[in-house]
Every structure is written in structure tokens, then in C-alpha cells.
Amino acid sequence: MSHLVALVLCVAGFGGLALATDRQQHAVFGRALPEGVTYGLRIAGAAALLLALGSLVVRQGWGLGLVMFSGHTSLASGLVHATLIGYSRLHSSTR
Amino acid sequence: MSRRTPDEEPRLTGRGIRQSMSDLHSWAGLLCGWILYAMFLTGTVSYFKDELSQWMRPELPYQAQVPDQAAVAQRVADELGTLVPGSPQWSLRLPDARNNSVYAFWRSPARSADGRGFGEGQFDPATGRKVASRDTLGGDFFFRFHFQFHYMSALWGRWIAGVAAMFMLVAIVSGVITHKKIFTDFFTFRWGKGQRSWLDAHNAFSVFGLPFHLMITYTGLVTLMAMYVPWGERAAIKTPAERQQLSAELSVFIQPGRPSGQPAPLASVEDMVRQAQARWGRDNVGRVTAVHPGDAAARVAVSRGEAGRLSMSPQIMEFEGTTGRLLAVRESVGPAAEVRGVLYGLHLGRFSDAVTRWLYFLVSFGGTAMVGTGLVMWTVKRRQKLPDPSRPYLGFRLVERLNIAAIAGLSIAMAAFLWANRLLPLELPRRADWEIHVFFIVWASALAHAILRPAKGAWVEQLWTAAALLALVPLLNAVTTQRPLWRSLAQGDWIFAGTDLLCLALAALHAVLALRTARYRPSPRAAGRARGGPVAGGKLIEEGA
């Protein structure tokens, strides 16, 4: 269960951080988001990642928690990346 | 000169160091790239080596529950007393959640006919007898190949692996310096842009797993550090007593002492393991090691399992062999040994629960893809600069063909290893060796095929072959064993079902790569440029030479 929570938080975190970048905002929304929203996404994304780390460390201790966090962040960033590629491919083919 | 996009515009400041690092990255990555790819892929698979070993010994029944380790230890200890009486030392790895057999290693009382002073074997936990299972090295073959290769002395193999790992470390550090927009381009992927797409894919595989890639390369070197840099140890450890103390810090080691010469039966091993179970948990006993069993001076060490603890440093309970009296409990080592134990543990990941093991596997698989995309990119990048792409120079052809054999060919060879496990006659002498010979014969054939065929054709054919061999593994397993996929799924046997399903998933991956490669046609712009000189980089594959 702690793995699922951590993975969901990491995906949400990287999702937020990805949408806070200029390139992805243009790819997904077709325009740059207001600065306040971008900051908000960045902070929310970072907070979700910290929360994932915290949830793992509380349950597993620092040693195992950090190892698991590293694995979940790698997997989550890959999932977010694949989703963004899929989205832009779908979007470009339907345009 | 081609026009640059804003992304490619070099900054004047810092270009010197980045350019040097880029060159260093390219060449450090290439020169050992094929070895590194093989080390990465076989290492990745080794995270499931115990599961693979179970799949490769289908005669051993599915283990729904871990048997009582104490009772099993007694059974196998009794059997060893009959099998190798007078052995000065034996050691058992008990069954656990990932192993359904007991691995035993023993020193022979006298040198055997083949000149070896030791023996080893797998034992059935239920009967204590040697398992009546096909002769195979199982998943241990990939594990051993991963750091010492084959057909050469282990020493040479480990030196080669060490040099390759050092190149990898250089490639990682220089790659990080070269990649100037590591955060800005974190989620960037430019589809269908030839070399750009390859670079983005290589960056993604590298950056997403960067902590793992750095850790695994560095800790890989640490696992063999005593061999690579022995001088500190040599200077500090001089007497036999100091050497024994060092061994005790690093491994399950008990002071061997001298045998008394007075025969005395070993006390109940079961009781000793029970005490360990009470301390560390029912299924969390790792090994039982006995020194001078059958002698009045016998000692027995029971060690803690690896689940749930990062460090590989030994934790043992030491017993007097003839009485079963607890002599000592060692659950900690010195700070330096503990650092080594943690780094070693991080590399092997044996502490992992099932999810963490999958994370290790997936991120390590990403590392394999990082090396693979890097190797292919070397040719993609240089193809643009070829005066005549249909007649590349020798070095280019060499890299191109080695890439095919190292990447697609290795997949075929690894799948062939599984096929050999199921198809070689059970009574074949030295059967385990022949499974390995098949692996290398198939891999060498893949290299010959890559040399003889046009490059694109060779990629496509080899990728399809790998896809077919992998896709048919579940069918082969269903035909040659009593444990087909549907039965494994119904029984909840995730060792067999997982292996079959993973083969299917990998087959799908190879099929997608084969399809994309076969469908690739250079864009008119790229083709036009090819006629006039440089050609844009392709998809996975270079055009047929």
C-alpha cells in the first residue's frame, strides 16, 4: 500500500513539475500558463514528491525509504514522460 | 553547415569543457559499450535470478509456503553427513520466499578425482536429498556472466568488468556535464526528428534513472574493490589473525581452529536454527555453516537472511557444534565494513520486497536502454557525415554490426538459453555447460548474420527472431513441462507465470522495435541530403549498407 501511495504521489509530483515547464505548457495547452499557475504547479509538484519521500521514510525508515523513493521517482518520471509523448502524438494526429 | 535550431545554438561560454566532455562521453561510452550493454542486461535479469533458477528447474514443485527452515536445515545436514563424511566445512543456503531448494557447498575431505577440493549441489527441502532436477546453472549463469563473463578465468573476467565499469562511471559523469539543460529538457521528446529524437530518448533513459545508474556503477566497483585496489588492505592487514578478523567483518566466517581428532556427533542443527528464527523471524534465516562437523571441535554459524536490511554485512549466531550451546551473537561490524556492506547490499538489492525488486528491474532495464540508445546514436550521428552512406568506412561498419549483434543478438542468445534449458536431453553429459554453449553459439551466429546481411535487414530479422523465440517460450514451457501458464495462473504460481508473462512482454517490445525498423523510410529531406552529402539520422536503424 505504501508503494502505491508513493507511486501516485510521485506521478502527481512529476506531472505538476512537467506542466510547469514552458515546453509542456505549449504542447498541452497551446500557450504559456500564467506565472502564478506555473509557480503553483511547481510548488505542488515538489510538495507531492516530498510527501512521497516522507510516506516511505515513515513506514520503511531512511535506508529502505530512500532506495524505494529513488525507484518510484524514476518509474514515475518515465510514466509521466510516456504519457506526455502519447498525448502529443494523439493530439498531433487528430489536429 | 546545417542550420541550428535555438536548442542547438552553442553558448560561447563553457563550450570548451562541454565539447571535451561530449567527446569523452562518446568514446568512453562506445569503447566498452558492447560489454556494458551485456553487463547491464544480464545484470538486470539477475534481479530475478532466483526466480529464473526456479523456472529452469521445473521438476522442483511450486513452493506455496516457505517450509520450516529449522527442519530443512536438519534434514540437509544429516544428508551431508552421509554424502561427504569428514568434510572440514559445509554451508547451506536455506529455502526462503524466493528459493524452493537448498544450495549446499562443501569442502571435500580429500581432493576429488577432478582435482577440485570442493563440491556443491541443490537439495530438496522436503526430503533433504539431492534434487532430481535437470542439470542447469539456472539464473546464476546470467549473474556470473554479468561480472566475470565466461570461457576465461574469473580473475580476467572481473578485471574486464572493472575496466568497463570505470568507463561507465566516466561516461555518466561526462554525460551529466555534457547535458546542459538537464532540468529544462527533463520531459522533452521531439518525435520523428532523427538524431534529435535519439538524443532525447537517450537523455530520458539516462536522466530518469540517474541516481540508480550512478549507484549501480559505483557500487559495482565496490563489490570487487579488494581486487582492484588491494594495496590499502595489504598494508594494514598482515598477520593471519588480522586476516581472519577481516574475513569475519565481511562474511559469515567462523574461526576454523584445528580439529581435535576426536569424533563427536553434531548437536541438533534444528535447535540452533530455531534460536535464530526466534531472534530474526521464522523465514529470515539465511545460511548455516558448519566447521569440522563430526569432530569434537565443531562450530556452527547460523546467519540472518537478507530480506528487509540494506547491509550485506554478516549477522550471525555462533554455536558449539557438539553441544549446541550459543557461544556468541554478532550483529554489527565496524563502520568501514558497514559502509562496504551497505554499498554491496545496494548493488544486489537482495533486501527488496517484490515491488522494490520490480523497481530495480525496470530502472536497470532503463539503464540497458540508455547504453543501447547511446550505441545506436554513435552511428546515427556519424551517418550524417558520411560522404557516401551506402559505403561507410570500416570503423563505422564495425560499430554498426557489433551494435546489431550486441543488442538484438544478445536478446536472441538469452532466449536461446531458455530454449536450451527446455530442449536439451536430460541425460546429456555436462548438460549445464551445454546450455551455456548454446547461448554462445547462438550469439556468435547472430554476429555472423549481422556481418553477412545488410544492416537494416539484419536488425529487422534479428529483432523478429528474438520476438518469436521469446513469444514461444510459454508454449515451449507448456509442451515440455507439467506447468503451463494457465495452470501456474490458477495455482497462483507467480514464479512460472511471471517468467512466461515477462517473456511475452519482452517479445512484444522486440516486435514493436522490429516493426518500426522495418517501416522506417528516410524522409525526402533526409534522402535528398543523403544524395548531396550528409543524411539525417534514422530511427532505430541505419539504412542497409
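A residue is buried here if 20 or more other C-beta atoms lie within 10 Å of its own, exposed if 12 or fewer, and partly exposed in between, with C-beta atoms placed from the backbone. The model is predicted, so local features need pLDDT of at least 70 and side-chain atom pairs count only at pLDDT 80 or more, while totals for chains, interfaces and linings use all residues. Residues are numbered from 1 along each chain as its sequence is written, and chains are lettered from A and ligands numbered from 1 in the order in which they are written.

**Stop 1: chain A**

Select chain A. Its secondary structure comes to 3 helices and 0 strands, in the order α-α-α from the N terminus. Helices (H or I, at least four residues) and strands (E, at least two) are DSSP runs, numbered from the N terminus. Along the principal axes, the C-alpha atoms of chain A fill a box of roughly 50 × 30 × 15 Å. Of the 95 residues in chain A, 41% are buried. Two residues are in contact if their C-beta atoms, placed from the backbone, lie within 7 Å. Among the contacts in chain A between residues at least 6 apart in sequence, 71% join residues at least 24 apart.

Now colour residues 36-58 and 65-87 of chain A, which an unreviewed UniProt entry annotates as "transmembrane region". UniProt positions are given in the numbering used here, feature names are shortened, and annotations may be inferred rather than shown by experiment. In the model, residues 36-58 of chain A are 100% helix and 0% strand, with end C-alpha atoms 32 Å apart. For residues 65-87 of chain A, the end C-alpha atoms lie 32 Å apart, and that span is 100% helix and 0% strand.

**Stop 2: where chain B touches chain A**

Show the contact between the chains: 19 residues come from chain B and 21 residues from chain A. On the side of chain B that touches chain A, helix 7 (195-208), helix 8 (210-223) and helix 14 (354-383) of chain B are the elements that give two or more residues. Which element of chain B gives the largest share of that side? Helix 14 of chain B does, with 7 residues. By class, the side of chain B that touches chain A has 15 nonpolar, 4 polar and no charged residues. Ala, Val, Leu, Ile, Met, Phe, Trp, Tyr, Cys and Pro count as nonpolar, Asp, Glu, Lys and Arg as charged, and the others, Gly among them, as polar.

**Stop 3: the strands of chain B**

Select strand 1 (residues 89-93) and strand 2 (residues 102-107) of chain B, which pair in the antiparallel sense over 5 bridges. Two strands pair if DSSP finds at least two bridges between them. Trp90(B) has Trp106(B) as its bridge partner in strand 2 of chain B, and Gln89(B) has Arg107(B).

Strand 1 of chain B has a covered face of Trp90(B) and Leu92(B), and an uncovered one of Gln89(B), Ser91(B) and Arg93(B).

**Stop 4: a helix contact in chain B**

Select helix 2 (residues 33-46) and helix 5 (residues 140-148) of chain B. Their axes come within 8 Å and cross at roughly 145°; axes are lines fitted to C-alpha atoms, for helices over the stretch in contact, and angles run from 0 to 180 degrees between N-to-C directions. Helix 2 of chain B contributes Met39(B), Thr42(B), Gly43(B), Val45(B) and Ser46(B), and helix 5 of chain B contributes Phe142(B), Phe143(B), Phe145(B) and His146(B). By class, this contact has 5 nonpolar, 4 polar and no charged residues.

**Stop 5: two loop residues**

Go to Tyr151(B), in the loop between helix 5 and helix 6 (154-178) of chain B. Its phi is near 60°, a positive value in a residue other than glycine. Tyr151(B) is exposed, with 8 other C-beta atoms within 10 Å.

Finish at Arg430(B), in the loop between helix 15 (394-423) and helix 16 (431-452) of chain B. Phi of Arg430(B) is near 50°, also positive in a residue other than glycine. Is Arg430(B) buried or exposed? Arg430(B) counts as exposed because it has 10 C-beta neighbours inside 10 Å.
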